[in-house]
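Open the model in a viewer and keep the selection panel at hand. The stops below are meant to be taken in order.

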Amino acid sequence: MDDHKGNPPAQWVYEVEDLTGTERLAGALARLAQPGTVIALDGDLGAGKTAFSQLFAKHLGVKDTVNSPTFTLIKEYEGRLPFYHMDVYRLSLDEADELGLDEYFYGNGVTLVEWASLIEELLPQDVLRIYVETVSASGRRMHINGQGATYEAWVSALRENGVS
Ligand SMILES: Nc1ncnc2c1ncn2[C@@H]1O[C@H](COP(=O)(O)OP(=O)(O)O)[C@@H](O)[C@H]1O
Ligand SMILES: [Mg+2]
């Protein structure tokens, strides 16, 4: 039913009407974030992976401007926790491997990875996946899957209690 591009059905499909909906989700997840949190973002160009990341950073307490990491690949910011923002679109798997991403994934901060499915093999086993589907100019369908006990619990809690 929610089988998107061959992935298993999402545990939760969160419908967003505009950026304020995206911000509610980003804010709720930023509050849950802890050292070692990894969020894998996928979705077509212009879907809103960077927009989501910027709103997440804002709610994590990052004061600096968060730019798209398309050309910088990895950017670090300071918030309530360190915030690591990656875009792996331009990386080959070998190049990504050489960057030593585990230092980030298993570090003290929170990592958001745009185009994460391109480095599937390098992602931690436990990860929160968000597939952003564009449905209209500002409407988005967020397909959310928690992999591992912690993220499964997050998704259940958010699905049941809402994200306001
Ligand atoms: N509900 C929404 N969620 C996220 N982005 C949205 C939404 N509605 C409109 N947008 C716009 O869509 C664009 C998404 O671009 P961007 O975040 O750079 O995409 P990506 O990083 O996935 O390529 C931005 O201009 C953003 O303002
Ligand atoms: Mg982007």
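Predicted model: local features only at pLDDT ≥ 70, side-chain atom pairs only at ≥ 80, totals over all residues.

Helices are DSSP runs of H or I with at least four residues, numbered from the N terminus.

**Stop 1: the negative patch**

Which helix gives the largest share? That is α3, with 4 residues. Pick E95, a residue of helix α3. E95 counts as partly exposed because its relative accessibility is 40%, and the range for that class runs between 20% and 50%.

**Stop 2: the magnesium ion**

Go to ligand 2, the magnesium ion, and show T50 and E114. The ion is coordinated by OG1 of T50 and OE of E114, at 2.2 Å. T50 belongs to helix α2 (residues 49-59) and E114 to strand β5 (residues 110-114), so the pair ties together parts 64 residues apart in sequence. Are these two residues buried or exposed? Both T50 and E114 are buried.

**Stop 3: from α2 to α1**

Stay on helix α2 and select K58 together with E23. They form a salt bridge, and the closest N and O atoms are 2.7 Å apart. K58 is in helix α2 while E23 is in helix α1 (residues 19-32), so this pair links parts that are 35 residues apart in sequence. K58 has 48% relative accessibility and therefore counts as partly exposed.

**Stop 4: the other salt bridges**

How many salt bridges does the structure hold? There are 5. Select R141 and E133, whose side chains meet in one of them at 3.5 Å, N to O. R141 is partly exposed, with a relative accessible area of 26%, whereas E133 counts as buried at 18%.

Then select R159 and E160, where another salt bridge spans 3.6 Å from N to O. E160 is exposed at 59% relative accessibility, and R159 is partly exposed at 37%.

**Stop 5: a loop residue**

Finish at V62, in the loop between α2 and β3 (74-78). V62 is buried, with 8% relative accessibility. Show F83 as well: V62 and F83 are 21 residues apart in sequence, and their C-alpha atoms are 7.8 Å apart in space.

Notes:
Residues numbered from 1 in each chain as written. Chains lettered and ligands numbered in written order. Heavy atoms only, no water. Helix = DSSP H or I, 4+ residues; strand = E, 2+ residues; numbered from the N terminus. Buried < 20%, exposed > 50% of the residue type's maximum accessible area, 1.4 Å probe, protein only. Donors = N, O, S within 2.8 Å, 3.2 Å for Na, K, Ca; no water. Salt bridge = Lys/Arg side-chain N within 4 Å of Asp/Glu carboxyl O.
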